[in-house]
Each structure stands twice: as C-alpha cells, then as structure tokens.
Amino acid sequence: MKTLAVINALGLRAPALRPLCGGAPAFDRVLAFARGLPGIEAIAVLARDELPPSAAAAGVREVRRSAWTTADLLESMGGLGEGHDDIFYFFADCPLLDAGLAARMHAGHRRYFADYTFADGFPAGLAPEILGPGTARRLRVLAGDGALATAAPDRETLFTVLRQDINSFDVETELSPVDLRMMRASLHADTERNFLLVSRLMHAGARDAESACRVLQEIPSLLRTLPAWFPVQVVERCPQSCSYCPYPVAGGDPREKHGEMSTDSFDSLVSRIESFSTDAVVAISLWGEPSQHSQVQELARIVLSRPGLELVIETSGVGWKPAALEAIRGCSTRSPTWIVSLDAASPPVYAALRGDGFSEALSTVERLQVLFPSSTWVQAVRMKDNEEDLEAFYRAWKSRTDRVIIQKYDSFCGLLADRRVADLSPVSRFPCWHLMRDFPVLLDGTVPLCREEVHRGRVLGNAFRDELAAIWERGADLHAAHVRREYPGICAGCDEYYTFNY
C-alpha cells in the first residue's frame, strides 16, 4: 500500500507560520503529521507563493501556480497520485490534525473499498479527506468546464464537486462521538481569531481530536475570541418607519432625522477594526438607511479597500441614486453583499409593513442584480402580518434567484409585540452567538452590549475613544454568565441568541 499526502497551502497566511504555544508553527506541525501517515511515500504541497524553508527541509514536492482553479486542483491531485493507492488531502494551517483519527479513517477506507472518506461532526481542521487517484480524475470530469471548474478552490471543494453526483461514489464517513458542528469551531491557524482559538485549546490540553473536542465542551468560553461582525450606524435617517422596527419606538420618527457619521470618523473606525480583528465583516446598516448617507459610496470604498474586511449593506432599496450604486461598483474589484428588505410580494402588504416605496425597492433590486449579480439577496421577515403573502414572495423570487433570505421576527426582548408565527428556539439554550461575535457601533461611537440594547441599557465603551480590545473584554462577563446558564437583564427574554450573522 502506497499513499500520497497532498497539502493545500494555497491560502497560507502569516498565522500558520507563527510559533504556536511555544513550539513549532502550524505549517511545520502539518508536515510532521504528513510524514506519519499510513503507507506514506511522498508529500506534495500545492502553493501560490514561495514556501517556508521547512518545506524544502522536509523533502516535499512543491507544485506552484500563480492562480488556481478547482480544475487545476483536481488535475494536479490526479496526476500526483499516479502510482499511489490513496491520497490524503488536507490543509497546511491545521496544527491539530490527528494521526490516530487519520489511520482509523484510512483503515475504513481500505476495508470498504471507498472512493472518498471524510470525518463528520468534528470541528474543522482535525481530519484529512481520503480519496484514490481515480476518484480525483472522476471528480475532474464531474466538475466540467463551467463555473464550478473555474472557481477558486476552498476548504469544501472536494465535497462540493462530489455531491453533484454523490450516488455514483462509495462514500465512507468517520463520525464524531459527539456532533460539535453547532459550535462552528474552525481549528485552522489562518486568521488571528482562529489562531487565538487554537492557542487557547492547546494551552488547555488539546493535542488531538479527542482532547480538542473534550476541551471545547468543557470550556466553551474559549470560543469567544475576537469579534467578527461589526454592525455600524452610519446615518440616523430612514425614508420609511417600518411597523416592526424598534428604531422609531426607541428614538422617534426616523424620517425626521438627519445626522450621519463623517467619512473621516468612519475611516478611522474601520482602520481600528482592521487592526483589531483582521478578517471582520463591516455592516453599515445598524439603524438608519445607508442610502441616506451623503457619501455612501466613499464608505463602501473605505471598507473594500482593505483586503481582509468584507462589506454588507442591508437596505430597504429606497433612496438610492444610480450614480452612487455605479460608484460603489467601480470602487473595487470586490463586491459588497447586498441584502434588500422587501418583506412582501404585494404592494398592499408592503405598504402596511413598510409604507411607501415598493416599486422603487423593486427597481433597486433589479439594478443591483445587474451590477452585483453574485452578491445581491432579497429578504423578508416572517411574521403574522405577512404569513399569507410569504409563500408568493418566496416562489416569485426563487424563480429568479437562489439568493432569498427568510428572516425570523425579533421582538427586541419584548419591546415590540410578539408577532412570531412560530417559536424556532432550540430545545436547549446555549451561549449567545452575538455576545461571541458582534461588536455594534452607534453613530457617536457608543458600543452597546448588543443590537437588542436599543435603549443603551448597558454600554461597553466608545469606539472612537477607547481601545477596541478593552471594549470587547467588557462583554466577557455576560458571555461567561451564559456559559453558566445564567441570563440576566434583557437576555432573559431574548430569543435572538441562536441567530448567526454571516
């Protein structure tokens, strides 16, 4: 039995080359893992950039291209695998890859003559994928020559291609004793956030899959690393006063407001976000309609000019000038994610929920789908008021696009009437995702505990004056309370804890 290790280093980032817990970097640990695999005869590393000296010292074969597609990946795996029985495929930034788990997977792969074997229910980064050279060639044929083949490969590429015709493959699965997918833990040293999580786990005793899973269950507070979602209020005004929005209840008619965040203040804030949480998502839609900002195109440019940050614009679709949309399209090769809140299929239902603007919102969606075809979504909040209209909404938009969001209704901890159609809360409550991931910033820089704190009941600091890290740490005690199954203040009546932004 002869096996090949194919290591994907296409997106290798600086954290993977940094010493980890006083020892070797993630990349070196991955090389050591590869050398210990069953039947290993060769190790190949797929790369875009020059590899660290440790790769040459390990005697690996380097396969480098300036740009890679899914087709390139599968063709390379098929060619490299010639003369080998099986291929172990994994990523170069996974310091906790488990040799014992990989050996069990390979034994099952051989025993059951599988085409493809993967681990399920484990946190990402603990196990390789296993396939034969022939399977790689079949996957290349299955990928075809269209968008799937030309897409840049990611961590899900093999399964994404395979599931196009999954019944044609013998697939073997190694199941985790406890399904931990709900934790959304990524044990890759690819970002500051994940590097911090891996470091914490290793300091707490994680060395393999079993110990990593145990530590995650015993100390879930480790998952609160760095914020990933920064909703920012950039303008006070809205052209609509929606019937299910707490903003008018808390602050008066938004149609009569005019304040906005200056571009200089926003630029400074985004710079601080980039330094603190290097791969964050900035959403410029925390209260107020972004179309009402006089320099909204400049706000978009400020975010999109920073490669590590992503931009989300949630909008009513009302108030947009065509020139502003064209300017946003032209300011970067990257696109924002657009979410247009429509809420209804018919003008009367729309008017009852949102007021005027139905035809304008539809026109904006059409314009966005031309300018940003792969990143424009339509959204409806599901509630008693539009339940009968919602099926027509869903069917109409699904016939035009796959990018449709049905959002749950939020009463903002009882501030608004309960208009939910159904209670979607999990049977067992778990710590709030928003306390783990969100960092809301209001117009004056105020950082409330979370978006639900519309009356600013608990303020963590000011993002224009205070260190972001210090502000973030001030929310750790409440997250720790959630871990202990204690829910003080507004948390007691909140059912947003299980919703996950982006």
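Reader: Let's start with R456. Buried, exposed or partly exposed?

Author: This is a predicted model, and in it R456 has a relative accessible area of 39%, so R456 is partly exposed.

Reader: Which residue does R456 form a salt bridge with?

Author: That would be D444. The closest N and O atoms of D444 and R456 are 3.2 Å apart.

Reader: And where do D444 and R456 lie?

Author: Both are in loops. D444 is in the loop between α17 and β16 (446-448), while R456 is in the loop between β16 and β17 (459-462). The two are twelve residues apart in sequence, so the pair ties together those parts of the chain.

Reader: Which side chain does R484 meet in a salt bridge?

Author: The side chain of E486, at 3.2 Å from N to O. E486 has 38% relative accessibility, so it counts as partly exposed.

Reader: Let me zoom in on E496. Where is its place, and is E496 buried or exposed?

Author: E496 sits in the segment after α19 (476-483). Its relative accessible area is 10%, and therefore E496 is buried.

Reader: What does the side chain of E496 make a polar contact with?

Author: With the side chain of K408, at 2.5 Å. If you skip residues up to four places away in sequence, E496 touches K408, Y409, D410, H434 and E452.

Reader: Switching to rings. How many aromatic pairs does a search of the whole structure find?

Author: It finds 16 aromatic pairs. Take Y116 and F159: their ring centres are 6.4 Å apart and their planes are at 35°, so that pair is tilted. It links distant parts of the chain, with Y116 in strand β7 (residues 116-120) and F159 in helix α7 (residues 157-162), 43 residues apart.

Reader: Is Y116 buried or exposed?

Author: Y116 is at 2% relative accessibility, so it counts as buried.

Reader: Which residues form one aromatic cluster?

Author: F430, W433, Y497, Y498 and F500. There's an arginine at W433 as well: R184 lies over the face of that ring, 5.6 Å from the ring centre.

Reader: And which ring does the charged end of R138 sit over?

Author: The ring of F169, with the charged end of R138 4.1 Å from its centre.

Reader: One more arginine, R419. Buried or exposed?

Author: R419 is buried, at a relative accessible area of 15%, and its place is in the loop between β15 and α17. Its side chain has a polar contact of 2.9 Å with the side chain of D385. Leaving out neighbours within four places in sequence, the contacts of R419 include S243, Y244, L353 and M383.

Reader: Last one, V281. Which strand does V281 lie in?

Author: Strand β11. V281 is at 7% relative accessibility, so it counts as buried.

Reader: What does V281 touch?

Author: Not counting residues up to four places away in sequence, A228, W229, F230, E310, V312 and Y502. V281 and Y502 are 221 residues apart along the chain, with their C-alpha atoms separated by 8.2 Å.

Technical notes:
Residues numbered from 1 in each chain as written. Predicted model: local features only at pLDDT ≥ 70, side-chain atom pairs only at ≥ 80, totals over all residues. Heavy atoms only, no water. Phe/Tyr/Trp six-rings, centres within 6.5 Å; stacked < 30°, edge-to-face > 60°. Helix = DSSP H or I, 4+ residues; strand = E, 2+ residues; numbered from the N terminus. Buried < 20%, exposed > 50% of the residue type's maximum accessible area, 1.4 Å probe, protein only. Lys NZ or Arg CZ within 6 Å of the ring centre and 35° of its normal. Polar contact = N/O pair within 3.5 Å; in protein donor to acceptor, adjacent residues only side chain to side chain. Contact = heavy atoms within 4.5 Å. Salt bridge = Lys/Arg side-chain N within 4 Å of Asp/Glu carboxyl O.
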